[in-house]
Amino acid sequence: MPRFKEEEIVRLSQSMEGMDAEQIVGWAMENFQGRLAIASSFQVEDMVVLDIASRYGKVRVFTIDTGRLPQEIYDLIDAVRERYGIQVEVFFPKPESVEKMVREHGVNLFYKSVKLRQLCCWNRKVEPLKRALEGLDAWITGLRREQWETRSSVRKIEVDKVHGNIIKINPLADWTWEQVWRYVKERGVPYCALYERGYMSIGCLPCTRPVKPGEHPRAGRWWWEQGNKECGIHVGGE
Ligand code: SF4
């Protein structure tokens, strides 16, 4: 059972807005231990959140292996297991859903239309996320407001209405890109090798490319599409 009522979280959200990432992660670790996990796609922000949490004790980390990830992410998962001594909980899409989708629309369906791209994201990411969140009272993400327009109003603590009113904690909501990298360099936090090759946001291999100087950091995600650069995982908070 969630430990906090919705109105309490709304109140907490207002009062915790001025708290820093360490304080918020510490609060989460204290209040939700065992029923709290970091959702990591092994973006550099996720690595910062994991590193902060590791200072408060053992933390659960889950990820979704879409089946289309770059090798560099798998290498990082192994590095994380070693560095932090944790078992990363890996969730996979339902085989029958992926098999049906690929049979009907082809293996590279995402390039054909936005609708088919969203279908692929649904089967490979959104549905497994629902399973990953079952049994949790709270999850932590590496979302930042400056990442994309749809994230500009992200709160540090939100009620996640899409996933059964559990708590969604975004401790880096007000961090800048520069702050993230300063933390990574100062603490020697491992990160995905693709950042050294011009990538600024990393997702599935066929749907991500490096960005050119001056381009928006998320321009490399689904670069053939205009508009919304979201897969559907981060929708419907407060
Ligand atoms: S990012 Fe691309 S390959 Fe990955 S789930 Fe979405 S559409 Fe499919």
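Predicted model: local features only at pLDDT ≥ 70, side-chain atom pairs only at ≥ 80, totals over all residues.
Reader: Let's start with the ligand. Which residues are around the ligand?

Author: Look for residues with a heavy atom within 4 Å of it. Here they are R68, F110, R117, C120, C121, R124, K125, C204, C207 and W222. Sorted by kind, that shell has six nonpolar residues, four charged ones and no polar ones.

Reader: And what sort of space does the ligand take?

Author: The ligand takes up the second largest cavity.

Reader: Okay, now the nonpolar cores. Which residues touch the most other members of the largest one?

Author: Those are L50, V80 and I169, in a core of 50 residues. Take I169: setting aside neighbours within four places in sequence, its contacts include I24, W27, F32, L36 and W139. There's also a second, separate core of 22 residues, with I64, M101, L109 and I233 among them.

Reader: What about aromatic rings? How many aromatic pairs are there?

Author: The count is 11. To sort a pair, check the angle between the planes: over 60 degrees is edge-to-face, under 30 is stacked, and the rest are tilted. W175 and Y183 have ring centres 6.0 Å apart and planes at 55°, so they make a tilted pair.

Reader: Are W175 and Y183 buried or exposed?

Author: Both W175 and Y183 are buried. Now compare W177 and W181: their centres are 5.9 Å apart and their planes sit at 70°, so that pair is edge-to-face.

Conventions: Residues numbered from 1 in each chain as written. Heavy atoms only, no water. 1 Å grid on protein atoms, 1.4 Å probe; cavity = no way out; pocket = protein on both sides within 12 Å on 5 of 7 lines; lining within 4 Å. Sits in = over half its atoms within 2 Å of the grid points. Nonpolar A, V, L, I, M, F, W, Y, C, P; charged D, E, K, R; others polar. Core = buried A, V, L, I, M, F, W, Y, C linked by side-chain atoms within 4.5 Å. Buried < 20%, exposed > 50% of the residue type's maximum accessible area, 1.4 Å probe, protein only. Contact = heavy atoms within 4.5 Å. Phe/Tyr/Trp six-rings, centres within 6.5 Å; stacked < 30°, edge-to-face > 60°.
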